Amino acid sequence: MNCASLSERPLVVKVKYQHTLARDIALSGVGLHTGCTTTVTISPAPANAGFSFVLADGSRIAATPEAVRSTVRCTTLGSSTAEVNTVEHLLAALMGMDVDNAVIHIDGEEVPVMDGSALPFAQAIARAGLREQHVPRRILELNAPYWHRDGDKLLVCVPSQTFKINFFVAFPEPVGNQFLETPPLTPEYFLREIAPNRTFGFRSEVEALYRQGLALGGSLDNAVVIDRHEYMGPLRFPDEIVRHKVLDLIGDFALLGMHPSFEVIALKSGHALHVAAARELRAPLRAAAGAR
Ligand SMILES: [Zn+2]
């Protein structure tokens, strides 16, 4: 792995107020990998609390890059005693819908996959509405370009007044090369253009996961499955794959605990690279705050 360190410390610029949910939201469904049905209850949280998960045994896991235990197939957060899997689409919905603070109670080990996208979470957040918290939003600005590379995967963050994403993927047919350039992200754009896009996998990989006891809750109802050179079902967007990659990136950057104010250029990157970048982008701020 190869990375460029920041030449100067990122700035935290305080503008715009933080938001939390106006009321609780509860959603139930099967977990993609465990196949178990769980319920998540997303509740308002105080200003500066960020996102955290509370598990059935009462243990709390803050949604930070440092809490990431695995990025294989999904993003898993953990503490010394507990883990919660497949957090990325729920976190993407929270960040994409402009939520700064929320606590998520879960009665199992995996967030429900729902329809494989962030849409059910985002729609529920839209229905619940947001409450302004009269505390300035924490914004992460860069004062120098930042980049992080792993083999042929590259992530570049460029200083900007807004958060926008340019994403390029290259897969075998029928996906091929896809590129998406978003406008500055807003909840309206996220809900309409990003949230509906489903997770995806190649049939051969999915069958291998089954044999390993993974993807037990996976089906054509909650994933885009690709068999040889065809999609095994209709797409929601012709470029649904790259749109889902943008969704995943937003979920991974929700771990920053701040709203990004920079432009992202992502080439074939995935959860591992995104989380590593989030960890590095936060590092100077954690050091400045004396965090361990
Ligand atoms: Zn995903």
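The following legends describe close-up views of a predicted model.

**View 1. Helix α3 and its two sides.** Helix α3 spans residues 187–194, and its buried residues are Pro187, Tyr189, Phe190, Glu193 and Ile194. These residues lie on the same side of α3, because they cover an arc of only 165° around the axis. On the other side of the helix, Glu188 and Arg192 are exposed. The elements that cover the buried residues of α3 include the helices α1 (88–96), α2 (119–128) and α5 (240–253), together with strand β15 (177–181).

View 2. Helix α1 is largely enclosed by the rest of the structure, since nine of its nine residues are buried. The buried residues comprise Glu88, His89, Leu90, Leu91, Ala92, Ala93, Leu94, Met95 and Gly96. Helix α1 is also among the elements that cover the buried residues of α3. Just after α1, aspartate 98 adopts a positive phi of about 75°. Most residues other than glycine have a negative phi.

**View 3. The largest cavity.** The largest cavity holds about 140 Å³ of space. Its lining consists of 14 residues, and those nearest the centre are Val99, Asp100, Gly257, Met258 and His259. By class, the lining of this cavity comprises five nonpolar, five polar and four charged residues.

View 4. Glutamine 18 belongs to strand β2, which covers residues 11–21. With a relative accessibility of 1%, glutamine 18 counts as buried, the limit for that class being under 20%. The side chain of glutamine 18 comes to 3.0 Å from the backbone oxygen of proline 136. Setting aside residues up to four places away in sequence, glutamine 18 touches Ala47, Asn48, Asp100 and Asn101, as well as Arg131, Glu132, Gln133, His134, Val135, Pro136, Arg137 and Arg138. One of these contacts, Asp100, is also listed among the lining residues nearest the centre of the largest cavity.

**View 5. The largest pocket.** The volume of the largest pocket is about 1,000 Å³. Its lining is made up of 40 residues, of which Arg73, Thr199, Phe200, Gly201 and Glu205 are the closest to the centre. At least two lining residues come from each of α1, β14 (164–170), β16 (200–202), α4 (203–211), α5 and α6 (271–289). Helix α4 gives the most to this lining, with six residues. The lining of the largest pocket divides by class into 17 nonpolar, 13 polar and 10 charged residues.

View 6. Proline 183 is located in the loop between β15 and α3. Its relative accessibility is 33%, so proline 183 counts as partly exposed. Beyond its neighbours within four places in sequence, proline 183 is in contact with Phe163, Lys164 and Tyr189. Of these, Tyr189 is one of the buried residues of α3. The C-alpha atoms of proline 183 and phenylalanine 163 are 8.4 Å apart, while the two residues are separated by 20 residues in sequence.

View 7. Glutamate 173 and proline 174 are joined by a cis peptide bond, with omega of about 15°. Most peptide bonds are trans. Proline 174 is situated in the loop between β14 and β15.

**View 8. Aspartate 150 and alanine 272.** Aspartate 150 is part of strand β12, residues 146–150. Aspartate 150 counts as partly exposed, at 31% relative accessibility. Aspartate 150 and alanine 272 are 122 residues apart in sequence, with a C-alpha to C-alpha distance of 9.3 Å.

**View 9. Two loop residues with positive phi.** Arginine 228 is in the loop between β17 (224–227) and β18 (230–231). The phi of arginine 228 is positive, near 50°. With a relative accessible area of 67%, arginine 228 is exposed, the limit for that class being over 50%. Lysine 268 is placed in the loop between β19 (259–267) and α6, and its phi is near 60°, likewise a positive value in a residue other than glycine. Lysine 268 counts as partly exposed, at 30% relative accessibility.

Definitions and conventions. Residues numbered from 1 in each chain as written. Predicted model: local features only at pLDDT ≥ 70, side-chain atom pairs only at ≥ 80, totals over all residues. Heavy atoms only, no water. Buried < 20%, exposed > 50% of the residue type's maximum accessible area, 1.4 Å probe, protein only. Helix = DSSP H or I, 4+ residues; strand = E, 2+ residues; numbered from the N terminus. Arc of directions from axis to C-beta. Contact = heavy atoms within 4.5 Å. 1 Å grid on protein atoms, 1.4 Å probe; cavity = no way out; pocket = protein on both sides within 12 Å on 5 of 7 lines; lining within 4 Å. Points joined across faces, edges and corners; volume = space filled by probe spheres on them. Nonpolar A, V, L, I, M, F, W, Y, C, P; charged D, E, K, R; others polar. Polar contact = N/O pair within 3.5 Å; in protein donor to acceptor, adjacent residues only side chain to side chain.
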